[in-house]
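Please open the model in a viewer and keep the selection tool at hand. The stops below proceed from the whole chain to single residues.

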Amino acid sequence: MSEEFKDHQIRDVIKINYKYTMGGQSKFFIELKNNKKLLGTKCKKCGKTWMPPRINCSDCYEPADWLELKQTGTIEVSTIVWYTTSAFIKAIPYGIGFIKLDGAETALLQGIFSENLVPSKIKKGKRVKAVFNKQRDGKMTDFFFVPEDEYDNWISKPEYEGGV
Ligand SMILES: [Zn+2]
């Protein structure tokens, strides 16, 4: 005689406190948090400027020096996000894109917010500028980009401020 198996389930919660390191790229996050600076790196050998910063050049594997980049740039490619994780769900829809900061030779993947989010606002070639959260934690979510013509509006909001 077989009896159908029925498991007994208990709903519970696991809470984990942990920390992680940004390693050799820590300087980028510390300067972002404390001074609203966007640091890239410049290869000591070939001179290529990396953003996001690379401690060693990915082309020639030589060490790179830190340097401060401008907070303006150009959109290389972008899209509008409609599906995301719980961390960003309140922000949808929002743009993301690869942005090449002025002075950098590589592009950074970052959020692009707009008060009037339509594809033409964040298309390739559009100029953007970085806006910073007043409350910063040293994370990539401490800043985002906005179309240059919206910059003054964004930094006048109580939770945001302009860079350096
Ligand atoms: Zn190099």
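The model is a predicted one. In these terms the order along the sequence is α-β-β-β-β-β-β-β-β-α-β, with two helices and nine strands in the protein.

**The whole chain**

Begin with the C-alpha trace, which spans about 75 × 40 × 30 Å along its principal axes. The protein is more spread out than a compact globule, because its radius of gyration is 20 Å, well over the 15 Å that the globule rule gives for 164 residues. Of these 164 residues, 26% count as buried. Among contacts between residues at least 6 apart in sequence, 51% join residues at least 24 apart.

**The open sheet**

Next, select β1, β2 and β3. These three strands form an open, antiparallel sheet in the order β2-β1-β3. Its edges are β2 (49–50) and β3 (64–69), each of which pairs on one side only. Strand β1, residues 38–43, is joined to β3 by six bridges. To locate this pairing, display L38 together with L69 of β3, which stands opposite.

Now select β4 (residues 72–81) and β5: eight bridges join the two strands, which run antiparallel. G73 has L101 in β5 as its bridge partner.

**The nonpolar core**

Which residues have the most contacts inside the largest nonpolar core? They are L101, I112, V131, F145 and V146, in a core of 27 residues. Colour the contributing elements: α1 (26–35), β1, β3, β5 (94–101), β6 (108–112), β7, β8 and α2 (151–155) each supply at least two residues. The largest share, four residues, comes from β7. Then centre the view on F145; leaving aside residues up to four places away in sequence, F145 touches I99, Q110, G111, I112, V128, K129 and A130.

**Backbone exceptions**

Most residues other than glycine have a negative phi, and most peptide bonds are trans. The next stops depart from this pattern.

- Select M51 and P52: the peptide bond between them is cis, with omega near 5°. P52 is in the loop between β2 and β3.
- Select I92 and P93, also joined by a cis peptide bond, with omega about -5°. P93 belongs to the loop between β4 and β5.
- Select K36, a residue other than glycine whose phi is positive, near 55°. K36 lies in the loop between α1 and β1.
- Select Y61, whose phi is likewise positive, near 65°. Y61 sits in the loop between β2 and β3.

Are K36 and Y61 buried or exposed? K36 is buried, because 20 other C-beta atoms lie within 10 Å and 20 or more is the criterion for burial. Y61 is exposed, because it has 9 other C-beta atoms within 10 Å and the limit for exposure is 12 or fewer.

Finish at K139, in the loop between β7 (127–133) and β8 (143–147). K139 is exposed, with 12 other C-beta atoms within 10 Å.

How values were computed
Residues numbered from 1 in each chain as written. Predicted model: local features only at pLDDT ≥ 70, side-chain atom pairs only at ≥ 80, totals over all residues. Rg over C-alpha atoms; globule rule 2.2 N^0.38 Å. Contact = placed C-beta atoms within 7 Å. Pairing = 2+ DSSP bridges. Core = buried A, V, L, I, M, F, W, Y, C linked by C-beta atoms within 7 Å.
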